[in-house]
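Open the model in your viewer and get ready to select residues by number. We will walk from one stop to the next, and at each one you will hear what is there.

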Amino acid sequence: MNTLSKAKRLQLAILLGTLSLIGPFTIDTYLPSFPTIVKDFDTNASLVQISLTTCLLGLGLGQLVIGPLSDIMGRRKPLLIFLSLYLLSSLICAVAPNIYTLIVSRFIQGFAAAGGLVISRAVVRDLYSGRELTKFFATLMLIGNLGPIIAPIAGGLILTFASWKFVFVALGGVGVLLVLSVALKLEETLPAEKRIPSNFKQIVGNFGTLLKDREFAGYAFTQGFTVAGIFAYVSGISFVYQNIYGVSPQVFSLLFGVNGIGLIIGTQLVGRLSIFSERTFLKLGLLLSNVAALLLLFALIVKAPLLAVAVPIFFVVMSISIIGTSSFSLAMETKGHIAGSASALLGVLPFLLGSLTAPLVGIAGEYTAIPMGIVIFSASFLAFLSYFVLVNKGLINLKTRRKLYQ
């Protein structure tokens, strides 16, 4: 199947990229609604942010379950099951009578959405390896990264004529389209003879093997901490822009969407510039992330103008696509036999770590952005340490040992 024509390859990329859109759409579409939800439910910012936290937990834990399940059952059947659950849970969110029902239903929605994320990546690894894997994943990321641009803008537009509840009705409509697309267009990419036995001990063992692999664990935590910082940004930025800088939900959506362009630029740099290795791109992405995060923290501390905050945020967001694309390809390269489990572990860490960082940004209230800046910089620095301590140091030690035995 990896010998598909250019047209078929593009069609597959669009389908898989659309599946990966379910993550950012589930997370980002209701962000402009945060202040409105606080008022409608007569609650506080932290509880509304917990509805994001539970969604992130669902997205993480769902991948941990659905990834190995797809190694056992194949890719199509689990995908159809969980997309159907996504449709149902979206409608439950729309009719939630209070913040606590919304928090629980968001967990279910996130859990179901994990199917699109983890299985789309596993399908890519079923079909490609090496530089072709990086190039195809970059194409998939290009499509998927449209989500952070389109989703908040769509959410802001819905708020101009309807209640925030209609955001979740729209997400239910997305669920319908995805179920139909998978049912009609996606072929099974994991034949029965390549599936692993339905053995819980073996599944747990696969995760243990992956975590004991120092290089894989390094890439996983590098990506995980980077994305955790971005989730802190996602959780807090609507309050920062709307409550502190006084922009409207529509202007917020545009500012948020512009950062999605940074995601696209970063992804295309990794996918197109083959003169640099994935490892070089990863180091450059980590450098960019830390410098931009430090500048952002400084701007927030001195209460700089909006532009001085928006520019470093753009580069922080851009760095995630450089780090994410390159680290995914490097981590998955030798994991074809357990691609679902490897994809799940790479997927679960960002959401589990993100579920910890998201509530922290609101800890000092709705009218200070300093906690957000601290969390973003700390996460960027931990990602830097994860690579240079676990991966880079391990590679240097391996080269040294090889020389000793030559």
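## Stop one: a salt bridge

Select Glu 188, which counts as partly exposed because its relative accessibility is 29%. Here buried means under 20% relative accessible area, exposed means over 50%, and partly exposed lies in between, using a 1.4 Å probe and protein chains only. A salt bridge is a side-chain nitrogen of Lys or Arg within 4 Å of a carboxyl oxygen of Asp or Glu. Arg 195 is partly exposed as well, at 28% relative accessible area.

A word on what you are viewing: this is a predicted model, where local features need pLDDT of at least 70 and side-chain atom pairs count only at pLDDT 80 or more, while totals for chains, interfaces and linings use all residues. Residues are numbered from 1 along each chain as its sequence is written, and side-chain values use heavy atoms, leaving out hydrogens and water.

How many salt bridges does the structure hold? There are 4. Select Arg 75, which is buried at 1% relative accessibility. Arg 75 pairs with Asp 71 in a salt bridge, with the closest N and O atoms 3.0 Å apart. Arg 75 also forms a salt bridge with Asp 126, at 2.8 Å between the closest N and O atoms. Arg 75 sits in the loop between α4 and α5 and Asp 126 in helix α6, so this pair ties together parts 51 residues apart in sequence. Helices are DSSP runs of H or I with at least four residues, numbered from the N terminus.

## Stop three: helix α5

Next, select residues 76-94, helix α5. Which residues of α5 are buried? Among them are Pro 78, Phe 82, Tyr 86 and Cys 93.

## Stop four: inside helix α6

Select Val 118 in helix α6. Is Val 118 buried or exposed? At 1% relative accessibility, Val 118 counts as buried. Leaving aside residues up to four places away in sequence, Val 118 touches Gln 63, Ile 66, Gly 67, Gly 340, Ser 343 and Ala 344, where contact means heavy atoms within 4.5 Å.

Conventions. Helix = DSSP H or I, 4+ residues; strand = E, 2+ residues; numbered from the N terminus. Expected span 1.5 Å × (residues − 1).
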